[in-house]
Amino acid sequence: MPADPKGIYEGKPVEVIDHVFGFSDTDVKQYSPYTSFSLESGVAIKYGNQKIMLNLESFRKAVKQGELLGTEIIEHEELIEIVKKSKNSEFNKWKALKFITEDEEILIKGTIPARFLEIGK
């Protein structure tokens, strides 16, 4: 489900901050190991053309229990802190925080097994 599970761009790993600031470098986002979701009434919904619902409660439980090796959830508050601490310009931080906050964005690193997903309309 991520653009690129390997997450390597120009020989370097794509980090959370690279994914978040993908609006200024769309090339790097194509290689991101992260998938953006927006929290909406307890259900996570993928950005983009398709509405994909993630059973976030079950997914979180599986991650915590170690069932999904190599999979990680970057929670909303953690994402905000990563942006605030970044070395990007204040304008780019403001822009990223605006998107993250409005969408209540979280990131999932790694592949999400189909049993946690449902394609909606």
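A: What follows covers confidence, fold, aromatic pairs, salt bridges and one histidine.

Q: What kind of model is it, and which pLDDT do local features need?
A: It is a predicted model: local features need pLDDT of at least 70, side-chain atom pairs count only at pLDDT 80 or more, and totals for chains, interfaces and linings use all residues. Residues are numbered from 1 along each chain as its sequence is written, and side-chain values use heavy atoms, with hydrogens and water left out.

Q: What pLDDT does the protein average?
A: The average is 87, and 88% of the residues score at least 70. pLDDT is the predictor's confidence in each residue, from 0 to 100.

Q: Which element has the lowest mean pLDDT?
A: Strand β4 (residues 43-46), at 68. Helix α4 has the highest, at 96. Where pLDDT is low, the predicted coordinates should not be read in detail.

Q: How many helices and strands?
A: There are 5 helices and 8 strands. Helices (H or I, at least four residues) and strands (E, at least two) are DSSP runs, numbered from the N terminus. The order from the N terminus is β-β-α-α-β-β-β-α-β-α-α-β-β.

Q: How much of the protein counts as buried?
A: Of the 121 residues, 37%. Buried means under 20% relative accessible area, exposed over 50%, partly exposed in between (1.4 Å probe, protein chains only).

Q: Switching to rings. How many aromatic pairs?
A: The count is 3. Rings of Phe, Tyr and Trp (its six-membered ring) pair if their centres lie within 6.5 Å; planes under 30 degrees apart are stacked, over 60 edge-to-face, the rest tilted. In one of the pairs, the rings of tyrosine 9 and tyrosine 31 have centres 5.3 Å apart and planes at 35°, so this pair is tilted.

Q: Where do those two tyrosines sit?
A: Tyrosine 9 is in strand β1 (residues 8-9), and tyrosine 31 is in the loop between α2 (26-29) and β3 (34-40). They are 22 residues apart. Tyrosine 9 is buried at 17% relative accessibility, while tyrosine 31 is partly exposed at 34%.

Q: And why is the pair of phenylalanine 59 and phenylalanine 116 edge-to-face?
A: Because their planes are at 80°, with the ring centres 5.4 Å apart. Phenylalanine 59 lies in helix α3 (residues 56-64), and phenylalanine 116 in the loop between β7 (105-109) and β8 (117-120). Both are buried.

Q: How many salt bridges?
A: The count is 4, each a side-chain nitrogen of Lys or Arg within 4 Å of a carboxyl oxygen of Asp or Glu. Among them, glutamate 75 pairs with arginine 60, closest N and O atoms 2.7 Å apart. Glutamate 75 is in the loop between β6 (72-74) and α4 and arginine 60 in helix α3, so the bridge ties together parts 15 residues apart in sequence.

Q: What about lysine 93 and glutamate 90?
A: They meet in a salt bridge at 3.5 Å, N to O. Both lie in helix α5 (residues 90-103), 3 residues apart, about one turn of the helix. Lysine 93 is buried at 10%, whereas glutamate 90 is exposed at 59%.

Q: Last one. Is histidine 76 buried or exposed?
A: Buried, because its relative accessibility is 15%. Histidine 76 lies in helix α4 (residues 76-85). Not counting residues up to four places away in sequence, histidine 76 touches Ile100, Thr101, Glu104, Glu105 and Ile106. Contact means heavy atoms within 4.5 Å.
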